[in-house]
Each structure stands twice: as C-alpha cells, then as structure tokens.
Amino acid sequence: MSEEPDIKSRLRGISILLVEDDPDTLAIFDLFLTHMGATVATATTVKAALKMAEEVQPDILISDLQLPDGNGYDLLDMIRKLPSSSSKLIPAILMTGHSTPFSEPAYNQGALSGGFQKFLAKLFNIDELLAAIAEFTRGVNQDAHVYCCDI
C-alpha cells in the first residue's frame with residue numbers, strides 16, 4: 001500500500017458501520033480498519049446494524065449483501081429513512097462473496113441502482129476498500145466516525 005500514510009490520515013476519526021455475518025471476516029475487517037485509524041462499529045444482522053446506525057450515526061456504511069435477517073439493500077433503505085439528516089446521505093459500499101466474474105457487472109449495477117456508491121466482490125484487494133473509503137470521506141470532519149456493514 002504505497003498510499004498508506006495518506007489513507008491512514010483520512011481514516012483517522014472516521015466512523016464506519018461494518019455489517020458482516022461471518023465472524024472471521026468481520027474480525028479481520030474490524031481489526032484492519034481500526035489499525036488504519038477508523039472508529040468501527042460492527043453488526044452481524046440488519047436489526048443490530050439499524051440500532052447501531054441510530055446510536056453512532058456513522059460517516060460510511062460497509063455492508064455485506066446477504067445477512068441472516070435481510071439484505072444490504074433493505075438495511076441501507078432503513079438507515080436512510082432514519083430521522084438524522086446525516087443518515088440520508090451516508091455513503092455506502094456493498095460487498096458480497098456470491099458474485100463471479102460473469103455476474104459482477106449485474107451485482108455492480110444492482111448496487112448502484114439500490115443506492116450504494118460502490119460494489120466490491122469478495123475477495124477483493126484491501127486497497128480497493130481503502131480507496132473507496134478515502135474517496136467517500138474527503139472533507140469529512142476529523143471528529144466523524146465510519147461504520148462498515150456486510151450484507
């Protein structure tokens with residue numbers, strides 16, 4: 001990661017809501033993003049993520065597509081309907097491990113149509129995730145927080 005110092009400085013103070021139902025994947029992303037300076041709130045279900053979004057008001061959402069009690073599209077829709085004005089504009093990244101090289105264009109189009117700003121097929125290069133977070137957090141107040149969700 002040649003841009004690590006610049007990205008790390010951008011993540012410092014950013015609040016991420018990370019939603020992922022796989023405990024190992026969740027732990028790895030949480031550890032890495034925290035190491036990069038972000039404040040990370042985690043959830044494994046839509047219900048828990050919605051509660052966390054209300055409490056923390058994250059700067060960014062990172063969500064897996066499929067969760068035990070719903071999906072990332074529903075989660076993003078519910079978060080954007082919360083009373084907080086910041087929740088209506090939250091940038092969101094959708095992730096899934098169910099895509100193939102042949103289905104990625106359809107997943108990408110679906111993510112964009114569903115209100116997400118970025119789609120990442122698991123397994124992806126961590127630099128892709130960091131670049132997306134950095135792009136969405138330019139100009140974010142350094143006291144802000146970023147939360148990452150897996151759907």
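A crossing of two helices is called left-handed if the near helix is turned anticlockwise from the far one by less than a right angle, and right-handed if clockwise. By that rule, α3 and α4 make a right-handed crossing, and α2 likewise passes α6 in a right-handed crossing. The structure here is a predicted model, where local features need pLDDT of at least 70 and side-chain atom pairs count only at pLDDT 80 or more, while totals for chains, interfaces and linings use all residues. Residues are numbered from 1 along each chain as its sequence is written, and side-chain values use heavy atoms, with hydrogens and water left out.

**Overall layout**

- You'll find 6 helices and 8 strands in the chain; these are DSSP runs numbered from the N terminus (helices are H or I, at least four residues; strands are E, at least two).
- Going along the sequence, the pattern reads α-β-α-β-α-β-β-β-α-β-α-β-α-β.
- Of the 151 residues in the chain, 45% are buried, where buried means under 20% relative accessible area, exposed means over 50% and partly exposed is in between (1.4 Å probe, protein chains only).
- Take the contacts in the chain with a separation of 6 or more, and 78% of them come from residues 24 or more positions apart; contact here means heavy atoms within 4.5 Å.

**Helix α3 against helix α4**

- Two packed helices are described by the angle between their axes and the distance between the axes.
- Helix α3 (residues 46–56) packs on helix α4 (residues 72–80) at an angle of about 25°, and their axes are 10 Å apart.
- The axes are lines fitted to C-alpha atoms, for helices over the stretch in contact, with angles running from 0 to 180 degrees between N-to-C directions.
- That angle makes α3 roughly parallel to α4; the label goes to angles under 35 degrees, with over 145 counting as roughly antiparallel, 65 to 115 as roughly perpendicular and the rest as oblique.
- On the α3 side, Val46, Ala49, Leu50 and Ala53 meet Leu75, Met78 and Ile79 of α4.
- Sorted by class, that contact of α3 with α4 has 7 nonpolar residues, no polar and no charged ones. For the classes, Ala, Val, Leu, Ile, Met, Phe, Trp, Tyr, Cys and Pro count as nonpolar, Asp, Glu, Lys and Arg as charged, and the others, Gly among them, as polar.

**Helix α2 against helix α6**

- For α2 and helix α6 (residues 126–136), the packing angle is about 55° and the axes are 12 Å apart.
- That makes α2 oblique to α6.
- Phe29, Phe32 and Leu33 in α2 meet Ile126, Leu129, Leu130 and Ile133 in α6.
- This contact of α2 with α6 divides into 7 nonpolar, no polar and no charged residues.
- Leu130, sitting in helix α6, counts as buried because its relative accessibility is 0%.
- The C-alpha atom of Leu130 is 8.7 Å from that of Leu11, and those two residues are 119 residues apart along the chain.

**Loop residues to look at**

- Glu20 sits in the loop between β1 (15–19) and α2 (23–35), and it counts as buried because its relative accessibility is 1%.
- A polar atom of the Glu20 side chain lies 3.0 Å from the backbone nitrogen of Asp22.
- Most residues other than glycine have a negative phi, and most peptide bonds are trans.
- Gln57 isn't a glycine, yet has a positive phi of about 50°.
- You can find Gln57 in the loop between α3 and β3 (60–64), and at 42% relative accessibility Gln57 is partly exposed.
- Lys122 belongs to the loop between β7 (118–121) and α6, and its relative accessible area of 22% makes it partly exposed.
- Between Lys122 and Gly97 there are 25 residues of separation along the chain, but their C-alpha atoms are 4.6 Å apart.

**A residue in helix α5**

- Ser113 is part of helix α5 (residues 104–113) and counts as exposed, with 57% relative accessibility.
- Its C-alpha atom is 9.8 Å from that of Tyr73, and Ser113 and Tyr73 are 40 residues apart along the chain.

Methods
A polar contact is a pair of N or O atoms within 3.5 Å; within protein, one must be able to donate a hydrogen and the other to accept it, and residues adjacent in sequence count only if both atoms are side-chain atoms.
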